[in-house]
Amino acid sequence: MGNLESTLGWIIVLVTAVLILVFSLKSYRAKHPPVFRGIEAIQKLKRALGLAVEQGTGIHISLGKASLLQPSSTSAFVGLTTLHRLAQMSATSDQPPVSTSGDGSLAVLSQDVMIAAARETNTFQMYQPDQAQLSGVTPLSYIAGALNVVNDPKIKTNILIGNFGPEAGFLSTASEENDAFTIAASDSLSAQSVFYATAGNPLIGEELYAVPGYLQYSPAHQSSLQAQDILRWGIVVVMVIGALLKVVGVI
Amino acid sequence: MKSPVAAFVAFVIGAIVLVGYFIPAAPLQAIRTPILDWAIVLAGFAGLVAILNLIFGVHIKRIREKTPRQGFSWLVVISFFVVFIAGVILGPTNPNVQNVVTYIQFPIEASLMAVLAITLAYASLKFLQRQRNWMGIVFFVATLFFLVVNSGILSFSSNIPVLRTLVSAAHQLPVGGARGILLGIALGSLATGIRILIGADRPYNN
C-alpha cells in the first residue's frame with residue numbers, strides 16, 4: 001500500500017470514527033434527533049414481527065455464509081445485531097426465533113447472541129440449542145439445511161440478512177411460496193439481484209446496514225447511518241470534481 | 001452483564017490489526033501475524049463446535065424426539081459419522097475419502113445449481129405479478145434489454161460507428177450501477193467495522 005493510500009485510509013477511518021462518536025453524544029442527539037427516510041420493507045418487517053408475536057408463529061433469521069475472517073464479515077455482524085434485536089422484540093412470543101448460518105464461527109456467535117437475548121428477556125429456560133444452528137458448511141449445503149427451516153409450517157417470517165450467493169434464491173422463493181413474510185438483504189450484487197426478483201421485500205445496497213438502526217438497536221447504529229450519509233456526500237463531491245478535472249484535461 | 005475487559009481486549013487487538021494494515025512496520029507485523037493466525041485456529045475450532053452442535057443439538061435431538069422428518073436426520077448423522085471416521089482413519093487426502101467429495105457432493109451441488117436456474121427463471125416470470133410498481137417495470141425492462149445486449153445479437157454494430165458507441169455505452173451502464181451499490185456497501189462495512197472496534201457492537205461479549 002502506497003503512502004498516499006495509507007494516509008487517505010487513515011483519514012477516512014478517523015473521520016468516520018469521530019462522526020459516529022459525535023453523533024452518538026446524548027447532547028447532540030437531544031439537539032438534532034436523527035431523522036431517516038422511511039424504508040417500506042423495514043416498516044413491513046416491524047408489522048410482521050408484531051403479527052408473529054401475536055399469532056405465535058415462528059421467525060427464522062438466516063445469517064448467510066460469511067466467514068468472520070473475510071471482508072464480507074461486516075454483513076454477518078449486521079445480521080447478528082439484527083438477530084439480537086429481533087430476539088429481544090419477539091421474546092413474548094410462544095415460538096422463539098430460529099437462526100441458521102453457513103459458517104462455524106458465525107453459528108457459535110449466533111448461539112451466544114440468542115443466549116444473551118434469552119437472559120436479558122428472562123426466557124432462558126425456553127432456549128434450545130437448535131435455535132441457532134449451522135445448517136451447512138458449503139454454500140449449497142447451507143441453503144439445503146436452511147430450506148428445512150423455511151419449509152417448517154410454523155415459520156411465517158423469514159429474514160435473510162448477510163452474505164449470500166445466488167443460491168439464496170431457493171430460500172426466498174420457498175418462503176414466498178409458503179406465503180411467509182420475506183425480507184432479504186445481502187452485500188453481494190448477485191444475491192441482491194436474485195432477491196429483487198424473488199423476495200417480497202428486498203433491501204438494496206447499503207440498506208442492509210441500516211436494519212439495526214431502523215430497529216432502534218442503539219444510538220451508535222443510528223449515528224453510523226448519519227456518518228455514512230455525510231461520507232456519501234463527500235464521495236459524490238470527489239467524483240464530480242474528478243470527472244470535471246478529467247473533462248478539462250488536468251488528470 | 002457485558003464485561004469491559006473483553007471489550008478492551010477486543011479494542012486493543014482490533015487496533016493492532018488495523019494499524020498493522022496501514023503501517024507495515026516490522027514490530028507491528030510481528031504482533032499482527034500471530035494474532036491473525038490465532039484467529040484462523042479459533043475459527044477452525046468454532047467450526048468443529050458448530051458441526052457438533054448440528055449433529056448432537058439438532059439432528060440427534062430430532063431423532064430422540066421422533067419428529068416427522070427424523071429420516072433426514074438419520075441420513076445426516078450416519079453420513080457424518082461414516083465420513084468423519086473414514087477421514088480420521090484414512091486421512092483427508094486418501095483417494096477414497098476424496099471420492100466422497102468428487103462423486104457425491106459435487107454432483108449433488110451441480111444438480112442443485114441446475115434446479116436453481118429453473119427456479120429463478122420461473123420466479124422471474126412471476127416477478128411482475130409481485131412488483132407492480134415503476135421500479136419493478138424498470139428492473140424487468142432492464143433485464144430484457146441487457147439480455148439482448150449481451151447475447152451477441154448486436155455484434156453487427158461493430159461496423160456501424162454510432163451503434164457501436166451506443167452498444168459500448170450500454171455495456172458500461174451495469175458497471176456504473178454496480179459501483180454505486182458497492183460504494184454504499186463499502187461505507188456500511190466501514191461504519192460497522194468502526195462500531196465493533198469502538199465497542200458499540202459486541203457480538204463477542206454477550
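A:Glu206 and A:Arg232 join their side chains in a salt bridge, 3.0 Å from N to O. A salt bridge here is a side-chain nitrogen of Lys or Arg within 4 Å of a carboxyl oxygen of Asp or Glu. A:Glu206 sits in the loop between β6 (201–203) and α9 of chain A, and A:Arg232 in helix α10 (residues 219–248) of chain A, so the pair ties together parts 26 residues apart in sequence. Helices (H or I, at least four residues) and strands (E, at least two) are DSSP runs, numbered from the N terminus.

This is a predicted model: local features need pLDDT of at least 70, side-chain atom pairs count only at pLDDT 80 or more, and totals for chains, interfaces and linings use all residues. Residues are numbered from 1 along each chain as its sequence is written, chains are lettered from A and ligands numbered from 1 in the order in which they are written, and side-chain values use heavy atoms, with hydrogens and water left out.

How exposed are the two partners? A:Glu206 is partly exposed, with a relative accessible area of 23%. A:Arg232 is partly exposed as well, at 26%.

Over all chains, a search of the whole structure finds six salt bridges. One of them pairs A:Arg37 with A:Glu207, at 3.1 Å from N to O. A:Arg37 lies in the loop between α2 (26–31) and α3 (40–55) of chain A, and A:Glu207 in helix α9 (residues 207–214) of chain A, so this pair ties together parts 170 residues apart in sequence. A:Arg37 is exposed, at 52% relative accessible area. A:Glu207 counts as buried, at 16% relative accessibility.

Now the interface. Which residues form a salt bridge between B and A? The side chains of B:Lys61 and A:Asp130 do, at 3.1 Å from N to O. B:Lys61 and A:Asp130 are both buried. The pair runs from helix α2 of chain B to the loop between α5 (104–120) and β3 (132–134) of chain A.

The interface also has ten residue pairs in polar contact, both at pLDDT 80 or more. A polar contact is a pair of N or O atoms within 3.5 Å; within protein, one must be able to donate a hydrogen and the other to accept it, and residues adjacent in sequence count only if both atoms are side-chain atoms. On the side of chain B that touches chain A, α6(B) gives the most, with 16 residues. Contact, meaning heavy atoms within 4.5 Å, takes 59 residues from chain B and 70 residues from chain A. The two chains bury about 5,400 Å² between them, 71% of it on carbon and sulfur atoms. Buried area is the accessible area (1.4 Å probe) lost on putting two parts together, summed over both.

Last, two exposed residues. B:Val88 is found in helix α3 of chain B and counts as exposed at 59% relative accessibility. A:Pro71 is found in the loop between β1 (58–64) and α4 (73–89) of chain A, and counts as exposed at 74% relative accessibility. The C-alpha atoms of A:Pro71 and A:Ile161 are separated by 16 Å, with the residues 90 apart along the chain.

Definitions and conventions
Buried means under 20% relative accessible area, exposed over 50%, partly exposed in between (1.4 Å probe, protein chains only).
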